[in-house]
Amino acid sequence: MLKLLTKTSFLIQLTTHLAKSKSQVVYIAGKVTGLPVAEYEAKFKAAKERLTAQGFHVLNPCDFIGPEEDWQTAMRKATTLLNMADHIYMLPDWKDSQGAVFEHMQAVKFGLNTMYE
């Protein structure tokens with residue numbers, strides 16, 4: 001029951017977030033695993049601020065995926081977020097992340113515009 005509630009809450013949060021969007025949606029990808037929470041959250045927040053200033057509606061995975069989540073759950077959520085995006089924005093350390101490499105591969109397959117920091 002908890003997993004169902006978690007999935008439902010995640011989807012409601014995502015739907016509410018996207019309902020506010022009137023611009024192109026960009027998903028941020030980069031290294032998370034193995035870094036201190038404050039470090040990766042700051043890195044993703046800075047990218048979100050830059051992209052928002054450029055007029056994008058930003059899907060920052062840190063806004064949807066908690067640090068307590070296991071890797072598989074985080075990647076399932078990340079893939080759902082990525083599916084809602086028009087673009088993917090790759091942080092410089094993306095090649096050091098198994099998850100970000102997977103996200104990049106999926107974005108290419110989905111035909112998303114890929115942007116690199």
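Is R50 buried or exposed, or does R50 fall in between? R50 is partly exposed, with a relative accessible area of 36%; on this scale buried means under 20% relative accessible area, exposed over 50%, and partly exposed in between, with a 1.4 Å probe and protein chains only. The structure is a predicted model, in which local features need pLDDT of at least 70 and side-chain atom pairs count only at pLDDT 80 or more, while totals for chains, interfaces and linings use all residues. Residues are numbered from 1 along each chain as its sequence is written, and side-chain values use heavy atoms, with hydrogens and water left out.

The mean pLDDT of the protein is 92, and 96% of the residues score at least 70; pLDDT is the predictor's confidence in each residue, from 0 to 100. Confidence is lowest in helix 1, with a mean of 75, and highest in strand 3, at 98. Helices (H or I, at least four residues) and strands (E, at least two) are DSSP runs, numbered from the N terminus.

Helix 2 covers residues 37-53. Its 17 residues reach 24 Å from the first C-alpha to the last, close to the 24 Å expected at 1.5 Å a residue, where the expected span is 1.5 Å times one less than the number of residues. Y40, F44, A47 and L51 of helix 2 are buried. Seen down the axis of helix 2, the buried residues fall within an arc of 60°, so they line one face of the helix; the arc is that of the directions from the helix axis to the C-beta atoms. An α-helix has 3.6 residues a turn, so residues three or four places apart point the same way. The face of helix 2 turned away from its buried side carries the exposed residues A38, K45 and A53. The cover over the buried residues of helix 2 includes strand 1 (25-29), strand 2 (57-59), strand 3 (87-90) and strand 4 (113-116). Just after helix 2, G55 adopts a positive phi of about 100°.

Four salt bridges are found in a search of the whole structure, a salt bridge being a side-chain nitrogen of Lys or Arg within 4 Å of a carboxyl oxygen of Asp or Glu. Side chains of opposite charge can pair when their charged atoms come close. One of the salt bridges joins K43 and D93, whose closest N and O atoms are 2.4 Å apart. This pair links distant parts of the chain, with K43 in helix 2 and D93 in the loop between strand 3 and helix 4 (98-110), 50 residues apart. K43 is partly exposed at a relative accessible area of 21%, whereas D93 counts as buried at 16% relative accessibility.

R50 forms a salt bridge with E117 (2.2 Å, N to O). Here too distant parts of the chain are linked: E117 lies in the segment after strand 4 and R50 in helix 2, 67 residues apart. E117 is partly exposed, with a relative accessible area of 44%.

A salt bridge also connects K77 and E69, the closest N and O atoms being 2.8 Å apart. K77 counts as buried at 10% relative accessibility, and E69 is buried with a relative accessible area of 19%. E69 is placed in the loop between strand 2 and helix 3. Apart from neighbours within four places in sequence, E69 is in contact (heavy atoms within 4.5 Å) with F64 and K77.

The largest nonpolar core has 19 residues, and those with the most contacts inside it are Y27, L59, F64, L81 and I88. A nonpolar core is a set of buried Ala, Val, Leu, Ile, Met, Phe, Trp, Tyr and Cys residues joined through side-chain atoms within 4.5 Å. Helix 1 (2-19), strand 1, helix 3 (71-83), strand 3 and helix 4 each give two or more residues to this core, and the largest share, four residues, comes from helix 3. Not counting residues up to four places away in sequence, I88 touches V26, Y27, A29, L82, E103, H104, A107, N113, T114 and M115. A second, separate core of 12 residues includes V26, L51, Y89 and L91.

H17 is found in helix 1 and counts as buried at 18% relative accessibility. Leaving aside neighbours within four places in sequence, H17 is in contact with H57, V58, L59 and F64.
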